[in-house]
Amino acid sequence: MPFVRIDVNQGRTPVELRALSRGIHHAIVADYGIPERDYFHVLTEHPAGQILAQDAGLGFERTPDVVMIQIFTQAGRSQEAKQSMFASITEKLAVIGVAGEDVFIGYVENTAGDWSFGFVGRSTPPVSSASPASSPQGLRPLPATRPAPGRHSGPPCHVVNMSVQTFDST
């Protein structure tokens, strides 16, 4: 289940923003064989000047159309699989007009223990005799073992590996 953050400068239409997200998602689904519904994206638009993406000595310039992508996923895929997915994302975005030099991908790997879906101590929702509709505003009661606010009872979260890949248009 990759979690994807997409950062762009303001100025794209809602249709263009949706196409960016869908293009990235389709590349990940095709290359990694994940289910279509494993679709967790956060797309953020920034005012001019809030995304800084310079050449860094690679020999090309990025434009204000740069798309910064962070992919968080469980470790275990080969370098070849990652490179294939990077290329697929770049190809999908080229179809909607994003130049290769404007695609910047950060790839962060972690383990299953680094993910939580909001269910304390389990990977599925707790079984409750209380119906959500019977609680105030349709909410389930909190478990009695919930840690105090600001206290995390699970293992520390950390980044295991991070690599960045960019593609030029040649």
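This is a predicted model: local features need pLDDT of at least 70, side-chain atom pairs count only at pLDDT 80 or more; totals for chains, interfaces and linings use all residues.
Visitor: How many aromatic pairs are found in the whole structure?

Guide: The search finds two.

Visitor: How is a pair of aromatic rings described?

Guide: By the distance of the centres and the angle of the planes. Take Phe3 and Phe72: their centres are 5.9 Å apart, with 40° between the planes. That pair is tilted.

Visitor: Which parts does the pair of Phe3 and Phe72 tie together?

Guide: Phe3 lies in strand β1, residues 3–9, and Phe72 in strand β3, residues 67–74. The pair therefore ties together parts that are 69 residues apart in sequence. Phe72 counts as partly exposed, at 21% relative accessibility.

Visitor: What kind of pair do Phe86 and Tyr107 form?

Guide: An edge-to-face one. The planes of Phe86 and Tyr107 are 80° apart, and over 60 degrees counts as edge-to-face. Centre to centre, the distance is 5.8 Å.

Visitor: Where in the chain do Phe86 and Tyr107 sit?

Guide: Phe86 is in helix α2, residues 79–95. Tyr107 is in strand β4, residues 103–110. The pair links distant parts of the chain, 21 residues apart.

Visitor: Is Phe86 buried or exposed, and what about Tyr107?

Guide: Phe86 is buried, at 1% relative accessibility. Tyr107 is buried too, at 1%.

Visitor: Which residue lies over the face of Tyr39?

Guide: Arg22, at 4.7 Å from the ring centre.

Methods
Residues are numbered from 1 along each chain as its sequence is written. Side-chain values use heavy atoms; hydrogens and water are left out. Rings of Phe, Tyr and Trp (its six-membered ring) pair if their centres lie within 6.5 Å; planes under 30 degrees apart count as stacked, over 60 as edge-to-face and the rest as tilted. Helices (H or I, at least four residues) and strands (E, at least two) are DSSP runs, numbered from the N terminus. Buried means under 20% relative accessible area, exposed over 50%, partly exposed in between (1.4 Å probe, protein chains only). A charge sits over a ring if NZ of Lys or CZ of Arg is within 6 Å of the ring centre and within 35 degrees of the ring normal.
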